[in-house]
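Colleague: Hi! Could you walk me through this one?
Modeller: Happy to, here it is.

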Amino acid sequence: MCLCHESRHPDHDLVPSRYATRIGEIDVLVISDGALPIPADILGTNVDSAVRDAALRERFLPDVIDWGLNVVVVHSGGRTILIDAGVGLEMPDATRAGRLALRLKGAGIDPASVTDVVATHIHMDHIGGLLDQRLRSQMRPDLRVHVSHTDIEFFKSPDFSHNTFGGIQDIIRSSARKFLDAYKAELRPFDKQHEVAPGVVVTLTGGHTPGHSVVRVSSGGERLTFAGDAVVPVGVDCPEWQNAFDHEPEEATRVRMRLLREAASTGELFLASHLSFPSLGRVAAAGKAFRYVPANWAY
Ligand SMILES: [Zn+2]
């Protein structure tokens, strides 16, 4: 029997794919949609390649890294909110990703119970799961899909002049088009900020995409920030590194620094889409940069 990290049975994982926690009175569940293989050198496009490669080696990162796909489910005020939806079947070669439908089932979450979806931005690794018929066909007709008005407008005709990872622009473009078409009736665009449910607030940041947003969960004096793609691997300790997926790299750096500074000052729980699962931790100040401190797992 092979005890590798993936079972031959797609619905029988040998590693955990979900992690539950609570913020005050609000239940939060992190679910992994899987992982995408990504060349590590896209993480620091504005850094001298020798410096970047040495920094990657110091962190034991291989040339191709696992780009985790963290999705969050939040229960608050009688509403069930899915925050981001993984890549779905938008990248058919990505055989270790697109597992959200199976993993929601494994976590006992009926897609028909999801009242709201928040998309931090309209990249295929965040909205692709919503295009997967295994999920789409089970979603309720009165589903509300919250996305910033800015991203909806931007992705009607996206500008890739600063986004330098050329291989996936066609997929980003076509997934965005399919998403905007499929969810026309369900879209609830917001401008700057929107309270989706009590204590669950989505806020526009821009940067990674012009309409990129983060979600904050607050209850009982505790807070968690889901930073979407504002912080990617190596982004906590090298916050000035720009990555090839940013549409607005300079603004993305300002957004990242602001979020990390804030997280370091509040001590809140912090997670992001592509940090190692379950990505729950805290940010500590470390000179001009930061340090990521994983949260203790509650076994
Ligand atoms: Zn992403």
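Colleague: Which protein atoms are the donors of the zinc ion?
Modeller: Asp-125 (OD), His-126 (NE2), Asp-229 (OD) and His-274 (NE2), lying 2.1 to 2.3 Å from the zinc ion. Donors here are N, O and S atoms within 2.8 Å of the metal (3.2 Å for Na, K and Ca), and water is not among the atoms, so sites may look incomplete. This is a predicted model, where local features need pLDDT of at least 70 and side-chain atom pairs pLDDT 80 or more, while totals for chains, interfaces and linings use all residues. Residues are numbered from 1 along each chain as its sequence is written, and side-chain values use heavy atoms, leaving out hydrogens and water.

Colleague: What spacing do the donors of the zinc ion follow along the chain?
Modeller: The spacing is D-H-x102-D-x44-H. Asp-125 sits in helix α3 (residues 124-131) and Asp-229 in the loop between β11 (222-226) and α7 (249-266), so the two tie together parts 104 residues apart in sequence. Helices (H or I, at least four residues) and strands (E, at least two) are DSSP runs, numbered from the N terminus.

Colleague: Nice. Is Asp-125 buried or exposed?
Modeller: Asp-125 is buried, at 8% relative accessibility. Asp-229 is buried too, at 2%. Buried means under 20% relative accessible area, exposed over 50%, partly exposed in between (1.4 Å probe, protein chains only).

Colleague: Switching topic: which residues lining the largest pocket are the closest to its centre?
Modeller: The pocket holds about 860 Å³ of space. Asp-66, Gly-68, Leu-275, Ser-276 and Phe-277 are the closest to its centre, of 35 lining residues. A pocket is an open set of points on a 1 Å grid over the protein atoms alone, where a 1.4 Å probe fits, with protein on both sides within 12 Å along at least five of seven lines; lining residues have an atom within 4 Å of a point.

Colleague: And which element gives the most to that lining?
Modeller: β3, with four residues.

How values were computed:
Points joined across faces, edges and corners; volume = space filled by probe spheres on them.
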